[in-house]
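Subject: Model for you to look at

Hi,

Here is the structure I promised. Please open it, then read my notes below.

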Amino acid sequence: MKSNKEFIIPFIGLKVGFHDFNFEIHDAFFEEVEYSIIHKGNVTVSLTLEKKETMLIGEFQIGGTVSASCDRCNDPLDVPVKGTFRLVYKFDNETSDDESLIVLHPDAYELDVRDNIYELITVSLPARLTHPMGECNEEMIELLKKYSGQPESVEDDFDDDDDWDDEDWEEEDDDDGDDDPVDPRWSALKNLN
């Protein structure tokens with residue numbers, strides 16, 4: 001792995017107060033991350049680090065575009081990312097379950113923000129990464145339709161135009177005839193009140 005010097009902040013030499021740092025994230029950044037869901041990108045990260053006596057507070061602002069795989073057709077997809085995040089770095093020997101609290105060893109003298117930046121870019125992605133309707137790889141869509149066993153378009157999975165036809169439904173008889181045997185456990189449950 002290449003040197004991460006540009007992402008290491010030696011906070012021990014910083015005065016108490018606010019300090020600004022800027023990072024330009026390019027393709028090489030994502031290539032170094034093992035199993036990254038982001039393939040490449042151009043993202044600007046601004047960090048305002050407030051140094052206090054017992055902690056550091058980082059305000060991250062990210063903005064740019066990354067390339068990931070479409071969840072539907074697996075072709076590359078450009079996704080804009082934007083967000084503001086706050087992380088608190090506290091000196092302690094105990095770990096924390098709080099996602100926005102990062103515990104540093106009391107003897108720490110520098111801060112590596114590389115992993116924090118990657119995580120913040122990742123959480124800025126939408127939950128479902130898909131091309132707009134009609135822009136997916138048609139060959140892949142045809143294969144999905146062929147092997148999924150669904151005659152309708154795979155791209156229509158969130159389309160509201162596929163309403164149920166009323167004539168396709170048959171109303172169920174609610175008569176309590178003895179045509180269908182009833183599991184005795186269900187009968188016992190009916191009597192519970």
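Contact here means heavy atoms within 4.5 Å. This is a predicted model, in which local features need pLDDT of at least 70, side-chain atom pairs count only at pLDDT 80 or more, and totals for chains, interfaces and linings use all residues. Residues are numbered from 1 along each chain as its sequence is written, and side-chain values use heavy atoms, with hydrogens and water left out.

Start with L77. It sits in strand β5 (strands are DSSP runs of E, at least two residues; helices are runs of H or I, at least four; both are numbered from the N terminus). L77 is buried, at 9% relative accessible area. Buried means under 20%, exposed over 50%, partly exposed in between (1.4 Å probe, protein chains only). Leaving out residues up to four places away in sequence, L77 touches V66, S67, A68, C70, L129, T130 and H131. S67 is ten residues from L77 along the chain, and their C-alpha atoms are 5.4 Å apart.

Next, the largest nonpolar core. It has 32 residues. Such a core is a set of buried Ala, Val, Leu, Ile, Met, Phe, Trp, Tyr and Cys residues joined through side-chain atoms within 4.5 Å. I25, V113 and I117 have the most contacts inside it. Elements that each supply at least two of its residues include β2 (17–25), β4 (55–69) and α2 (114–123). Beyond its neighbours within four places in sequence, V113 contacts F7, I9, F23, L47, F60 and Y89.

Last, V182. It lies in the loop between α3 (138–148) and α4 (184–190). V182 is exposed, with a relative accessible area of 56%.

Best wishes
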